[in-house]
Amino acid sequence: MLMADLIAKKRDGGELSREEIYFMIDGYTRGDIPDYQMSAMCMAILLKGMSDAETLDMTRAMVQSGETLDLSPIDGLKGDKHSTGGVGDKTSLILCPMVAACGLKIAKMSGRGLGHTGGTIDKLESFPGFVTGISEDEFFKNVNRIGIAIAGQTADLVPADKKLYALRDVTGTVPSIPLIVSSIMSKKLASGADVIVLDVKCGSGAFMKTEEDARRLAEGLTRIGRLAGKKCAAVITDMDQPLGWAVGNALEVKEAIEVLKGEKGGDLMELCLTLGSCMLTEAGVAETIEQARSMLLESISSGAALEKLSLMVSAQHGDGRDVYDTSRLPLAPVQYEAVAKTGGYVQRIEAEQVGLVSMHLGGGRATKDSGIDLSVGLVLHKKVGDKVEPGESLATIHASSLEKAEEAAELLRACFSFSGEPVERGSFIKAIVR
Ligand code: URA
C-alpha cells in the first residue's frame, strides 16, 4: 500500500477502507509516513470530508496507537465529560462531584492547561498537597470507595493524536469535523468511560464559530461515540464571554466551591445541571431529565456534592477541610480593581482575550513545560447585559505585583465592548444533542 495512492483517493472524494486507515495511522505514529504526506492527507480530509465508517475507523486506529485504560476494576457504569475548551471553564470541578453524589461513578483523566484555557488538573493542584499523579491502583480504589477520582493522564494515551494535532495546528487543518471528532473521541474511548457528555462551545473564541458548525460537530461526536458502543450526549453552549465570574486556577476553585455550596448560580450552574442530567439519564441513574435535575439540585442543597469534593481532595492527599475553608488556597499579594473608563451596557467580553489577560498575569502556560502561578487571575463583576457606569469596577485583578495588575487592567478593559442600548442576551445553552 502506498500513502501517495491514499492521498490521491481522498483528494478525488473516495472512501478509505479500514485497512487503509489503519495503515495510515500506524505508519504515521511509527514515523514511517512523513509529515508532508500526512499534511496532504489532512488537507484532503478537510476538503472532502469522511463518512461515519471512515471516522469510526480513524478513531479506533488512533485509540490503538497507544495504551488504553481498562476501568473494569471499578464497579458499575463510569461517566466522563469533555469540553472543547472555554475560558473560566471550571465545570468539571462542579459537575463531577454533583454527578458522583447522585450515584454515577466518575473516573476522569484530565489535562493541564496550555495557552489561554486552564486545565482541571492545574486547578485541582490549588488544594495544598493534592496529588494528581496517583497510581492506577489508587485511582481505581478511590473511585470504588468514594465514587470519584480526577487524575492527570499517566498512561501514554493516543500518541497518534499528539503527533497529528501538532501537525494540524501548523497546516491549517484543525477545523475539519472528522479530524476533530476522531481526535476528541479517540481520547475519550481510550480513557474507558461508559457514559460521555460533551460540551461543544460555539462563538468567536471557539473552534466552531457558528451554531450550525457546532451542531455538526456535536452530532458527529455523539454519533461516533454511539457507534463505538458508548452512551453519549452533547450540549452546545455560547462562548460570548468567559464562563462564570472567575478566571485563574485557585480563583476558579473558589468559585466552584461557591456554586457547590449553592451560593452562586447563573450560566455555570445551568450548564452543570444540563450536562449532569444528560449523564444521569444516559447512565440510567435517572429516568427523565426532570428527575435528574431534581437529584442534582438536591446534591447541592443537602451538601452531598460539596462533601464528594472534600472526600476526593482527602483521598488524593490534600486536606478535605479546605473545601469548607478556602482561606488556605493560594492568594495573590495584590488585589486591584480594573475600573471602566467608559460606560454603557456590556455587549461582549472577548473570552479568549480574557484568558490571555490571565496568562499575562502568570496564570497560564505559554509552552507545555512552563510553570504557572496558581494564585493569579481575575474575578469579573460585570457580564454581558449588565449596565456599567464610568468608574465602576469591571473586575478584581489578582496579581503578583502592582505593575502586573495595572497592565492586566488595561488589557482587560479592551476585552469589553459596550452598547448605548440595553443588550438582550440570547440563550446560553443553544441545543442538546442526544
Ligand atoms: N480538541 C481536541 O482534542 N482535538 C481537536 O481536534 C480539536 C479540539
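**Figure 1. Strand β8 and its partner β12 in the predicted model.** In this predicted model, strand β8, which covers residues 344–349, is joined to β12 by four bridges, and the two strands run antiparallel. Within this pairing, Tyr 345 stands opposite Ser 419, a residue of β12. On β10, strand β8 has another partner, and here the pairing is again described as antiparallel, with two bridges. The bridge partner of Gly 344 in β10 is Val 388. Taken together, these strands form an open sheet of three strands in the order β10-β8-β12, with antiparallel pairing. The edge strands of this sheet are β10, at residues 387–388, and β12, at residues 416–419, each of which pairs on one side only.

**Figure 2. The six-stranded sheet and the pairing of β1 with β2.** The strands of this open sheet, six in number, follow the order β3-β2-β1-β4-β5-β13, and their pairing is mixed. At the edges lie β3 (148–152) and β13 (429–433), and each of these strands pairs on one side only. When direction is ignored, neighbouring strands of the sheet are turned against each other by 20° on average. Strand β1, made up of residues 78–83, pairs with strand β2, made up of residues 105–110, in the parallel sense and over two bridges. For Gly 79, the bridge partner in β2 is Ile 106.

**Figure 3. Packing of helix α15 with helix α16.** Helix α15 (residues 351–360) and helix α16 (residues 402–413) have axes that come within 10 Å and cross at roughly 170°. The two helices are therefore roughly antiparallel to each other. On the α15 side the contact is made by Val 354, Val 357 and His 360, and on the α16 side by Lys 404, Glu 407, Ala 408, Leu 411 and Leu 412. Sorted by class, the residues of the contact between α15 and α16 are five nonpolar, one polar and two charged.

**Figure 4. Packing of helix α5 with helix α13.** The axes of helix α5, spanning residues 91–101, and helix α13, spanning residues 289–301, come within 9 Å and cross at roughly 105°. From α5, the residues Met 98, Val 99 and Ala 101 meet Leu 296, Ser 299 and Ile 300 of α13. By class, the contact of α5 with α13 contains five nonpolar residues and one polar residue, with no charged residues.

**Figure 5. Packing of helix α2 with helix α8.** Helix α2, at residues 18–30, packs with helix α8, at residues 159–169, at an angle of about 85°, and their axes are 9 Å apart. With this angle, α2 is roughly perpendicular to α8. In the contact, Ile 25, Tyr 28 and Thr 29 of α2 meet Pro 159, Ala 160, Lys 163, Leu 164 and Leu 167 of α8. The contact of α2 with α8 has, by class, six nonpolar residues, one polar residue and one charged residue.

Figure 6. Around the ligand are the residues Tyr 165, Arg 168, Ile 180, Ser 183, Ile 184, Lys 187 and Phe 207. For Arg 168, a polar side-chain atom lies 2.9 Å from an oxygen atom of the ligand. For Lys 187, a polar side-chain atom is likewise placed by an oxygen atom of the ligand, with a distance of 2.5 Å between them. In the case of Ser 183, a polar side-chain atom lies 2.6 Å from a ligand atom that is a nitrogen.

Methods:
Residues are numbered from 1 along each chain as its sequence is written. This is a predicted model: local features need pLDDT of at least 70, side-chain atom pairs count only at pLDDT 80 or more; totals for chains, interfaces and linings use all residues. Side-chain values use heavy atoms; hydrogens and water are left out. Axes are lines fitted to C-alpha atoms, for helices over the stretch in contact, and angles run from 0 to 180 degrees between N-to-C directions. Angles under 35 degrees count as roughly parallel, over 145 as roughly antiparallel, 65 to 115 as roughly perpendicular and the rest as oblique. Contact means heavy atoms within 4.5 Å. Ala, Val, Leu, Ile, Met, Phe, Trp, Tyr, Cys and Pro count as nonpolar, Asp, Glu, Lys and Arg as charged, and the others, Gly among them, as polar. Two strands pair if DSSP finds at least two bridges between them. A residue is near a molecule or strand if one of its heavy atoms lies within 4 Å of it. A polar contact is a pair of N or O atoms within 3.5 Å; within protein, one must be able to donate a hydrogen and the other to accept it, and residues adjacent in sequence count only if both atoms are side-chain atoms.
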